[in-house]
Amino acid sequence: MAAVDLNEIRKTIESRLNDELQEAPPIPVIFANQSFDPDSNSSFVQCLLAFGEDEYISLGGTTGSSNRLVGAVTMNIFTGQNIGAGSNYVIGNRIRDLYNRQVVSGVVFDPVIGPTLVSNPVPEGFFQTQIRMTFEAYEDL
């Protein structure tokens with residue numbers, strides 16, 4: 001087996017979210033390095049992915065060894081302001097169910113944290129919560 005392709009891990013995470021949020025009612029999903037100008041009082045989700053420190057699982061060189069790759073996903077959920085938290089938490093629940101302790105295409109998702117309230121939303125004019133989770137994938141060289 002070759003080294004893990006980081007773009008395949010990214011695609012696994014992002015496509016799962018995008019597919020879910022295109023179901024009725026559809027909610028726009030924004031990924032890193034993608035411009036977006038939201039309408040006021042609309043809902044949307046921003047998905048940010050970061051790869052972290054990896055670790056050796058077995059000793060060896062570039063062949064015959066195994067590594068554990070780790071990373072974190074942050075999802076910012078934006079909904080209209082002054083209408084309560086309910087619609088935001090409905091989206092958060094949909095996202096939690098997608099990832100919470102799931103294994104998808106070799107990506108292992110840890111328990112989800114959140115949604116937690118973000119007190120100063122960016123962009124302004126929205127109610128924002130945040131969901132965070134770590135993940136890991138394994139590679140055999």
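**A walk through the chain**

The chain holds 2 helices and 8 strands. Keep in mind as you look around that this is a predicted model. The C-alpha trace spans about 55 × 25 × 25 Å along its principal axes.

Next, consider how the chain meets itself. Taking contacts between residues at least 6 apart in sequence, 63% of them join residues at least 24 apart. Of the 141 residues in the chain, 35% are buried.

Let us finish with a visit to one residue, Thr-79. You will find Thr-79 in strand β4, which covers residues 66–80. Is Thr-79 buried or exposed? Its relative accessibility is 0%, so Thr-79 counts as buried, the cut-off for buried being under 20%.

What surrounds Thr-79 there? Setting aside neighbours within four places in sequence, Thr-79 is in contact with Ser-42, Ser-43, Ser-87, Asn-88, Ile-91, Phe-126 and Phe-127. One of these partners, Asn-88, also has a side chain that is joined to the side chain of Thr-79 by a polar contact of 3.2 Å.

Notes. Residues numbered from 1 in each chain as written. Predicted model: local features only at pLDDT ≥ 70, side-chain atom pairs only at ≥ 80, totals over all residues. Heavy atoms only, no water. Helix = DSSP H or I, 4+ residues; strand = E, 2+ residues; numbered from the N terminus. Buried < 20%, exposed > 50% of the residue type's maximum accessible area, 1.4 Å probe, protein only. Contact = heavy atoms within 4.5 Å. Polar contact = N/O pair within 3.5 Å; in protein donor to acceptor, adjacent residues only side chain to side chain.
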